[in-house]
Amino acid sequence: MTEGSIIGVDIGGTFTDLVVLDASGALRIAKVPTTPENRAEGVLSALEAGGVALGEVASISHGTTATTNAIIERKIARVGLITTQGFRDVLELGRRTRPKPYGLIGSFEPLIPRELRLEVPERMAADGSVITPLDESAVRAAIDRLRALGCEALVIHFLHSYRNPMHERRAAEIAAAMWPEGYITAGHEISSEFREYERGVAASVNAAVQPILDRYVGRLQSGLEARGFARDLLIMQGNGGSIAARQVVRHAINTVMSGPASGVMAAAAIARATGLERIITYDMGGTSTDVGLVEGGVPAVSTELELEYAMPVHVPMVDVHSIGAGGGSIAWIDRAGLLRVGPESAGAMPGPIAYGKGGTRPTITDANLVLGRLDPARLLAVKAPPSREAIAERLEAALGRTLGLDGDATASAIIRIANDRMAGAIRMISLARGHDPRDFTLLAFGGAGPLHAVALARELSIPRVLIPARPGLTNALGCAIADLRHDFVTTLNAPLASLDDTRLRAVLTEQITAGRAAIARDNVAVESVEFRFAADMQFDGQTHILTVALPSTEAGVDSLHAAFAIAYRERFAVELQGIGVNLVALKTAAIGRRAAPPLHALAGDGSASTLDGALVATRPVWFDGGWREAPIYERTKLPVNAVFEGPALVLQFDATSVIEPGNRVRRDTLGNLIVEVAP
Amino acid sequence: MSELDPVTLAVIESGLIQVCNEMDLAFVRAAFSPVISETLDRSDGIYAAGDGALIAQGELGLPIFVGTMQDSTAAVIARAKEIREGDIFIVNDPYMGGTHLMDVRFVMPYFHGGKLFAWLANTGHWPDIGGMVPGGFSANATEVEQEGLRLPPVKLFKAGVLDEEILAIILSNIRIAGQRIGDIQAQAAALHVGARRLGALIGRYGAATVEAAIAELRRRAARQMRACITTIPDGIYRGRAIVDSDGVVNEPLVIEMTITKRDGDLYFDMAGTSPPCQGPMNSVIATTRSSIYLAIKHVFPEVPINAGTFEPLHIKDPVGTFLYAEYPRPVSGCAAEVSQRIAEAVFDALALAIPERLFAAPAGTSGNLALGGHDPKRNRSYVMYVISGGGYGGSMSLDGLSNGCSTIGISKTTPIEVFEQRYPVLFEEYALREGSCGTGRQRGGFGVRYRLRLREGSARASMVMDHGRVGPNGAAGGATGAVTTIQIEQRGEVYRPAHLSKDQGIELEAGDAITVETPGGGGFGDPFARDPALIEQDIRRGYYTPADAAERFGVVLAEDRVDVVGSALLRRNGRATG
């Protein structure tokens, strides 16, 4: 394939970011306003702003929040359901829960309303044998009815289809001839989980966003083609890999969490380039914070995400924990007199007080500004900010008087509370899963991440922080460099002892063949194709599974046994003997490795020959209860291997990094700032 | 550091809750019984060293255990001798701060610097604890010995080592004992996970600071609860709830709840409530108290939970009633059913005082159905639990949720596919129960209808449900929801239990079936004031019939659309005559 630039595009709530990595190693970036009505427009104008000649582009990869937002805002397609007789209400009844542990007022609307859920005679037993054959004429009648009711997409969801998909397949065949748009989802194709609600929701989510995603990528692809781009657009999936736009639509659900996944993938690549084995990714933007954990350069992938109340999305996704704490999160006092921060956000309008657009409620951004960590004159897209003193007064009036604190101390308290919530999110993905934060490096990005990272690391006893060269563009970078990825799951659900090595290897070999074919269909140059294998296992009698990585297809019954015993002891600190082990599923991830990204291109020129040459000013900044005069460095000018100590601020176009007193910083050859955190 | 700033306080508060959340999570992931791993019938918390008062509880735990674990921890404290690091007490005695026998508590001392700092405790619902019926939900036991093995606080682990002799006694007295060791290890592992996290918290902030924070959080929770109570006008409010029967004598049991609000406090008096009953619908005092606590917490969910939350609530011991069970009264129905009736009596009273915060009664039954049998194909015995949800009550702003979980729990149902994989049963239907809502301006949510058929072998079924006699109450003019119905198909004969919602010893052969319909929630406000557009939508969805709409909501349809004039006339005339 000819050399050409690779492009990553990330659409955030406020800005659409673009990163162009030229074959020559040069970097170009662009930031244009997001166009929420038709996001494709924003992408096209970002490409224009970046001066990209589309004829010379090798690939365009794109992270999208289109599907997530469609579900959350319920701007979804009209979907019909055909299901097993007696079970059309499974999707409405759920698992018998309520939104919160306390309080009995709440509501839930299924993605498919009841009048669009139809039943047909058919029934499989749990062992996959047929109890009632599929009534094909009933299937045809149901399809006719759903067409007449104006459905655009169709879900076929039968009990025990994970064990025997024959009826689902046949019904889908019948539908294919009668459903011209082709938006047909059979439950077993999306998830092979043996829980009818969870599998059914996954299928409904897929169908509900499929037409929307199809139209969106269609518009974008044809817009690009009209401008001379002849290749396939790549779309980022929640599993952290990308896939050709033409292929993604079939499994539209895989684009849920596409946005956060790109950041984690970029962080993992940066960690690999820097030689870090274990990182915690910390992506703090305007409204939310996403944290993830990467070991051995590979992000953890989970199949247990819940998008919102009663909306499990059990397909492989980069394991990211999100909380409502971002720069725009609002600080408030609860009825017990305790200071709280978020999850409500001031958003882009009116935004923080500091934006001067009519915001009156204190936010994290305002607190950072009062403490001297942000410069009001350098806020992106802000024209006439109020003064630091005016904001401090507002903080004192709104919160400080109740707490008995002045404006500065109130700002400091907001930061501590916000940091504590973010620390809680990091504990949930590290400590709560048996990891010790002391073994990790905190990789901080997003527009606001570098403001808080060093303090957070100290709170969590994380010994090191890495702030990449372009914190505010890391998500777009993640799209640009993402590998291709396809996941395959085969459910076996049988006692391990009843299986033999030949069977296990045959399953994995089949998955490999399917993986190679899928990557070939993506039609993008890859350097190599790799496979990762894993087994979902449990003790006989358990319903939850433990996923164990397998080194190769040579895995046999004995080695699976041993690997499970070790993983179980690590997680639960107990050893169980004499209880049989079940193999629930074998999984393969097929990864099309793309050329390593030229990360050095991000580093900036390091134009100053000495540290002092990068010093632009000093300013009082509040640390641990007092003001300290802190030097301010221009990030792009910092020379390679420059070393300095906090207190200090490091400024750049897309972020500000805060270095707490007593912590030593080095700028490495890739342009990263590496902070050794004093205990 | 002795001075406690609000920031440190908030950090320690969330730190304590995280300790509990992590215990909750570890317990579920490692457990074997679906009743814990899928339905989440468990709870974990931290309790005070001296008196067992609640310090923090996991956000994922069962609400009913909030109050009862304080009492069972206190019972351990009263009996414990020579407490050492690594000891874990086991206790399920209902009369010592318990619920029913299946709820087994583990209580572990936590030491800091050689001194007892707090107790970590959890409760897990065991799938069997011996007794006369598989699963423990006897519908007609008359003494606690029939209900299962009763354990006073004894050390199951001594200095970290499992006592094989006590274990052997336990395993010899319960059904399907084979897998219990895995659950026991999971329950203990959760406490160790908690100890590790609590140690880290104390290591970070210092024992004195954490202790000071615990005391301050307790004061603040009490203050916040009083602030909420102050919004209720001073006065005396009366509510009532009815239990179908005790399972032995087929007569209703009545709960009379009188709530007096004075200043920032609430006083609960249950005078007039039915006397102790012969069957297993008695409630031990720990459960009675806990039911009132969680009812109030449902009304004011924003108040955090610790011992201070309950300080403004004063409960007069209902001595001489079935809500104050003493040995050897049977109690298997108290945790799952009577507790919910107590909560409903509280809701019923407060709906008169602050309707804007209340809701009509929820389905209020856990729908416990246990099937103990033998699977000839796999040659193994099993105990299978089915729980079911029902409609929640309407409120001032919203219709009730359909198939909500029990008032006292947050447990999920086990998936049908999991049931059918494990047990020789076939579900023929699992559906929204049409027409079951209590009507109102905001109607109740819908109950569920399911039918399950035994495919192989034979089994014995027992069930303890409620609301078979009277449906969940409406509020502010709304109507009651539909009642529980049970239908048993035995060798072609169909019958309904004499006690409507309770039965046991039902012998099932392959081909026999049980059909259960669970209650809909009560309605809120005048049904004739319901927006006709919503009624049109309800009918389009098949939630109830056009005939229902005319009769119960005063709305008529013509060609699937609301007939505006016809409806207005019907509503006016309906009101004039009705």
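Two residues are in contact here if their C-beta atoms, placed from the backbone, lie within 7 Å. Keep that in mind, because contact in this sense comes up throughout. One more thing before we start: this is a predicted model.

Let's take A:V79. Which residues is A:V79 in contact with, leaving aside its neighbours within four places in sequence? The list runs A:L111, A:I112, A:L116, A:C151, A:A153, A:V155, A:S204, A:A207 and A:A208.

Now step back to the core. The largest nonpolar core has 387 residues. A:V79 is among those with the most contacts inside it. In soluble globular proteins, nonpolar side chains tend to be buried together.

Next, a helix in chain A. Helix α1 covers residues 39-49. Its buried residues are A:R39, A:A40, A:G42, A:V43, A:L44, A:A46 and A:L47. What covers them? The cover includes strands β1 (5-11), β2 (15-21), β3 (27-33) and β4 (57-63) of chain A. Helices α2 (66-72) and α7 of chain A are also included. Just after α1(A) comes A:G51, with a positive phi of about 65°.

Another helix, another residue. A:A418 sits in α12 of chain A, residues 407-429. Is A:A418 buried or exposed? Count the C-beta neighbours inside 10 Å: there are 29, so A:A418 counts as buried. The cut-off for buried is 20 or more. Not counting residues up to four places away in sequence, A:A418 touches A:A325, A:S329, A:V341 and A:I364. Compare that with A:R74, which is 344 residues away along the chain. The C-alpha atoms of A:A418 and A:R74 are separated by 30 Å.

On to the domains of chain A. Domain 1 is made of 5-70 + 224-255. Domain 2 is 75-213, and domain 3 is 484-593. How far apart are the centres of domain 1 and domain 3 of chain A? Over C-alpha atoms, 33 Å separates them. These two domains do touch: 11 residues of domain 1 are in contact with nine residues of domain 3. On the domain 1 side, strand β12 of chain A, residues 242-244, gives the most, with three residues. That side divides into three nonpolar, seven polar and one charged.

Now chain B. There are 12 helices and 22 strands in it. Its radius of gyration is 24 Å, close to the 25 Å that the globule rule gives for 578 residues, so chain B is as compact as a globular protein of that length. Its C-alpha trace spans about 80 × 60 × 40 Å along the principal axes. Of its 578 residues, 62% count as buried. Take contacts in chain B between residues at least 6 apart in sequence: 74% of them join residues at least 24 apart.

Last stop, where the chains meet.

Definitions and conventions. Residues numbered from 1 in each chain as written. Chains lettered and ligands numbered in written order. Predicted model: local features only at pLDDT ≥ 70, side-chain atom pairs only at ≥ 80, totals over all residues. Core = buried A, V, L, I, M, F, W, Y, C linked by C-beta atoms within 7 Å. Buried ≥ 20, exposed ≤ 12 C-beta atoms within 10 Å, placed from the backbone. Domains from an automatic or database assignment. Helix = DSSP H or I, 4+ residues; strand = E, 2+ residues; numbered from the N terminus. Nonpolar A, V, L, I, M, F, W, Y, C, P; charged D, E, K, R; others polar. Rg over C-alpha atoms; globule rule 2.2 N^0.38 Å.
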